[in-house]
Amino acid sequence: MKLSFRWYGEEDPVKIEYIRQIPSIDSIVTAIYDVPVGEVWSMESIMKLKEKVENAGFNFDVIESVPVHEDIKLGVSTRDKYIENYKANIRNLAKAGVKVICYNFMPVFDWTRSELNKTLADGSTALVYYKEQIDKMDPLKGELSLPGWDSSYTKEELKDVFNKYSKIDEEDLWENLEYFLKEIIPVAEANDVKMAIHPDDPPWSIFGLPRIITTEENIDRFLKIVDNKYNGLTFCTGSLGSGDFNNVIKMVDKYSSQERIHFMHVRNIKLVGNNSFEESAHYSSEGSLDIVEIMKALYKNKFNGYLRPDHGRMIWGDTGRPGYGLYDRALGAMYIAGIWETLEKTENRIVNF
């Protein structure tokens, strides 16, 4: 396992120098954030970012993410131009030594929550998803302004893209994903870059938009589209775990044994019923996921990919992007590293007894 930490660049309130003070962090997970979606990242900007990361004492191995343009997801005639640009980004990142690219195929927005700063019983604040709140929101009336929602859309543009997706169902989205994968995976393989799709968060349809990377059955289907190790997963425990229909431990065991997990996002969530959940501390007893068993499954299968502590609470007066403060993610990193060290040392004692 290679432990990593997400950093949003120079504008991130969490300074890379602070991340350096967390023991055992191997890599920084980052991206180019000032280039419009669908455009090519210049080698100059990539190498500048690489230099910043490596000068801080980290490896520059994982990019999260290279966003997929909506025209690709919609399958419209302009998609080929954007796919060619995507291939160029894979090639450019490979030249800089990047080994894994995380991306997603969620229409319009990424992870969605109903509140960003819900006060928990311990006084910390966290991201939460309460279905009854989401059901009352109408994004076309400007009522949604949360992480994951593309605020670059004007109200009219948002209506237009929703209208386009009204003609797209899940099978159409599958077809468009297949077209994309069959174009990019050969390029990824030729450049020794592993593509790692992030599951939908949460793993069900929101606002009538289709979502397909949601369950074990659908992940099996995804992996078979291009049955190649370069077509793999960013396995997010919190995203898949927010659906009580997913057996996260079983899925981690299955896909890590197949060597199709290239990147792990490890976080805990507390299920509160009715397709609702609260993000919690990483510690197993604080949420509904058994982080120890998840790590044991990875260890059993000799997982050698990248792993980062995912969303944390805001604690101790921390500041930063919601879910991406320093302190709770650092606690999560140490919890994960402690589990892994215990597994290693326990195995060594048994072997050497």
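## Briefing: a predicted model, from core to loops

Asn191 touches Arg91 and Ala94, leaving out residues up to four places away in sequence; contact means heavy atoms within 4.5 Å. This is a predicted model, in which local features need pLDDT of at least 70, side-chain atom pairs count only at pLDDT 80 or more, and totals for chains, interfaces and linings use all residues. Residues are numbered from 1 along each chain as its sequence is written, and side-chain values use heavy atoms, with hydrogens and water left out.

**Asn191 in its loop**

- Asn191 sits in the loop between H7 and S7. Helices (H or I, at least four residues) and strands (E, at least two) are DSSP runs, numbered from the N terminus.
- Asn191 counts as partly exposed, because its relative accessibility is 28%. The cut-offs are under 20% relative accessible area for buried and over 50% for exposed, with partly exposed in between (1.4 Å probe, protein chains only).
- From Asn191 to Arg308 is 117 residues in sequence and 24 Å in space, C-alpha to C-alpha.

**Overall build**

- The protein has 12 helices and 12 strands.
- Its radius of gyration is 20 Å, which agrees with the value near 20 Å for a compact globule of 353 residues. The radius is taken over C-alpha atoms, and the globule rule is 2.2 Å times the number of residues to the power 0.38.
- The C-alpha trace spans about 65 × 45 × 40 Å along the principal axes.
- Buried residues make up 56% of the 353 residues.
- Of the contacts with a separation of 6 or more, 72% join residues 24 or more positions apart.

**Surface and charge**

- The accessible surface comes to about 15400 Å², and 47% of it belongs to carbon and sulfur atoms. These areas come from the Shrake-Rupley method with a 1.4 Å probe; for residues, only the protein chains shown count as cover.
- The protein has 43 positive and 56 negative charges, and their mean positions are 2 Å apart. Lys and Arg count as positive and Asp and Glu as negative; His and the chain ends are not counted. Each charge is placed at NZ of Lys, CZ of Arg, CG of Asp or CD of Glu.

**Nonpolar cores**

- The largest nonpolar core has 97 residues. Such a core is a set of buried Ala, Val, Leu, Ile, Met, Phe, Trp, Tyr and Cys residues joined through side-chain atoms within 4.5 Å.
- Tyr86, Leu177, Phe180, Met195, Phe222 and Met264 have the most contacts inside this core.
- Helix H7 (residues 170–190) gives the largest share of this core, 9 residues.
- A second, separate core has 7 residues, including Val62, Cys102, Ala196 and Tyr306.
- In soluble globular proteins, nonpolar side chains tend to be buried together.
- Beyond four places in sequence, the contacts of Met195 include Tyr86, Ile90, Ile101, Tyr103, Ile184 and Ile185. Tyr230, Leu233 and His262 are also among them.

- Glu183 belongs to helix H7. Its relative accessible area is 29%, so Glu183 is partly exposed.
- Glu183 touches Ile83, Glu84 and Lys87, not counting residues up to four places away in sequence.
- Glu183 and Lys159 lie 24 residues apart in sequence, yet 30 Å apart in space, C-alpha to C-alpha.
- In helix H8 (residues 216–225), the buried residues are Glu216, Asn218, Ile219, Phe222, Leu223 and Ile225.
- Those buried H8 residues pack against strand S4 (100–103), H7, strand S7 (194–197), strand S8 (231–236), helix H9 (237–241) and helix H10 (248–257).

**Ser4 in strand S1**

- Ser4 lies in strand S1 (residues 2–6). Ser4 is buried, because its relative accessible area is 0%.
- Setting aside neighbours within four places in sequence, Ser4 is in contact with Ile25, Ser27, Val29, Phe263, Leu307, Arg308 and Pro309.

**Backbone points to check by eye**

- Glu64 and Ser65 are joined by a cis peptide bond, with omega about 0°. Ser65 lies in the loop between strand S3 (59–64) and helix H3 (70–74).
- Asp201 and Pro202 are also joined by a cis peptide bond, with omega about -5°. Pro202 is in the loop between S7 and H8.
- Glu259 is not a glycine, but its phi is positive, near 60°. Glu259 lies in the loop between H10 and strand S9 (261–266), and counts as exposed at 61% relative accessibility.
- Trp316, also not a glycine, has a positive phi of about 55°. Trp316 lies in the loop between strand S12 (306–309) and helix H12 (327–352), and is exposed, with a relative accessible area of 62%.
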